Amino acid sequence: MTSTIEAPRSPYSRSTKKSGVNWEKWGWIYMRVSGVVLVVLIFGHLFVNLMIGEGVSALNFAFVAGKLTNPFWMVWDIIMLWLALIHGGNGMRTLVNDYATSRISRGILKVAILVSVVSLIVLGTLVVFTFDPCPAGAPANLVASFCTSL
């Protein structure tokens, strides 16, 4: 009769199911989805601005003012702005997690990234929604054609 000797088992048991949201997984999915959407938005933006109409020679204040009075282009630009900034911020966060060696420097860098992204999103959104296409006192040759002289 052979007897087997078993090693004592550790009281630690790894749970196979973690509770809570897997933020790294959702960040990974966001990067892939936002990347595809950003390619469409950016190439659409470049095509409309550079290829349609008079091309790059038509780009001036009046052209931008005309686009930012159209709700379609306002939404397009806001979506592009938000997706690009969050996508870039998430990418920078990943780099910080991979390469920052101390916990304190990692925390400081991630807070700096968060503050930068939130500040730029707020400022960019304010520019799009508070943009005045017909500023008072602007030369007539620089403003959009729909602006009337005061």
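In which helix is Leu126 found? Leu126 lies in helix α4, in a predicted model where local features need pLDDT of at least 70, side-chain atom pairs count only at pLDDT 80 or more, and totals for chains, interfaces and linings use all residues. Residues are numbered from 1 along each chain as its sequence is written, and side-chain values use heavy atoms, with hydrogens and water left out.

The protein has 4 helices and 0 strands, where helices (H or I, at least four residues) and strands (E, at least two) are DSSP runs numbered from the N terminus. Read from the N terminus, the order of elements is α-α-α-α. Of the 150 residues, 23% count as buried; buried means under 20% relative accessible area, exposed over 50%, and partly exposed in between (1.4 Å probe, protein chains only).

The axes of helix α1 (residues 23-51) and helix α3 (residues 71-99) come within 9 Å and cross at roughly 140°. Axes are lines fitted to C-alpha atoms, for helices over the stretch in contact, and angles run from 0 to 180 degrees between N-to-C directions. The two helices, α1 and α3, are therefore oblique to each other, given that angles under 35 degrees count as roughly parallel, over 145 as roughly antiparallel, 65 to 115 as roughly perpendicular and the rest as oblique. The crossing of α1 past α3 is left-handed, meaning that the near helix is turned anticlockwise from the far one by less than a right angle; clockwise would be right-handed.

Side chains of opposite charge can pair when their charged atoms come close. A salt bridge is taken as a side-chain nitrogen of Lys or Arg within 4 Å of a carboxyl oxygen of Asp or Glu, and by this rule the count comes to 1 salt bridge. The side chains involved are those of Glu24 and Arg93, at 2.9 Å from N to O. This pair links distant parts of the chain, with Glu24 in helix α1 and Arg93 in helix α3, 69 residues apart. Glu24 is partly exposed at a relative accessible area of 48%, and Arg93 is also partly exposed, at 22%.

A nonpolar patch on the surface is formed by Val39, Ile42, Phe43, Leu46, Phe47, Leu50, Met51, Ile52, Val56 and Leu59, which together have about 940 Å² of accessible area. Patches are made of residues with over 30% relative accessible area and no salt bridge, with like charges joined within 9 Å and nonpolar side chains (Val, Leu, Ile, Met, Phe, Trp, Tyr) within 5 Å. Accessible areas come from the Shrake-Rupley method with a 1.4 Å probe, and for residues only the protein chains shown count as cover. Val39, one of the patch residues, belongs to helix α1 and is partly exposed, with a relative accessible area of 46%.

Val96, placed in helix α3, is buried at 9% relative accessible area; its C-alpha atom is 7.0 Å from that of Leu109, 13 residues apart along the chain. Leu126 is partly exposed, at 46%, and the C-alpha atoms of Leu126 and Ile78, 48 residues apart along the chain, are separated by 10.0 Å. Thr130 is in helix α4 (residues 103-130) and counts as exposed at 55% relative accessibility.
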